[in-house]
Amino acid sequence: MKTLAIAAVMIASMVAPALADCDTRKEDEQAVCAGKCEDEYVRHKQDMMADHAKLLTDRKACDQKCGCPQNSKDL
């Protein structure tokens with residue numbers, strides 16, 4: 001019985017991240033938030049006078065706030 005409970009917890013931990021999807025093409029609240037982070041970052045990144053280090057930290061903070069830290073992992 002203990003093994004079954006452990007297996008259930010393991011399955012739940014694998015499925016939960018799939019349900020919390022940060023795909024910006026969707027229209028849920030989390031995706032809209034992540035899309036705004038991406039738009040803000042791209043728009044200001046093209047400005048040559050921008051502080052790019054600050055833009056990167058702001059993008060990571062915004063994605064963290066939206067619950068999508070994986071979106072800025074490879075920046």
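## Pair in helix α2

The model is predicted. Helix α2 spans residues 29–45 and contains both E40 and R43, which are three residues apart, about one turn of the helix. These two residues form a salt bridge in which the closest N and O atoms are 2.4 Å apart. The relative accessibility of E40 is 39%, so E40 counts as partly exposed.

This pair is one of three salt bridges that the structure holds.

Helix α3 covers residues 52–66, and K54 and D58 are four residues apart in it, with about one helical turn between them. Their side chains meet in a salt bridge with an N to O distance of 2.9 Å.

K54 has a relative accessible area of 46% and is therefore partly exposed. D58 is also partly exposed, because its relative accessible area is 39%.

Residues count as buried when their relative accessible area is under 20%. R59 has a relative accessible area of 7%, so R59 is buried. For D63 the relative accessible area is 0%, and D63 is therefore buried too.

## Charge pairing

Side chains of opposite charge can pair when their charged atoms come close.

Technical notes: Residues numbered from 1 in each chain as written. Predicted model: local features only at pLDDT ≥ 70, side-chain atom pairs only at ≥ 80, totals over all residues. Heavy atoms only, no water. Salt bridge = Lys/Arg side-chain N within 4 Å of Asp/Glu carboxyl O. Helix = DSSP H or I, 4+ residues; strand = E, 2+ residues; numbered from the N terminus. Buried < 20%, exposed > 50% of the residue type's maximum accessible area, 1.4 Å probe, protein only.
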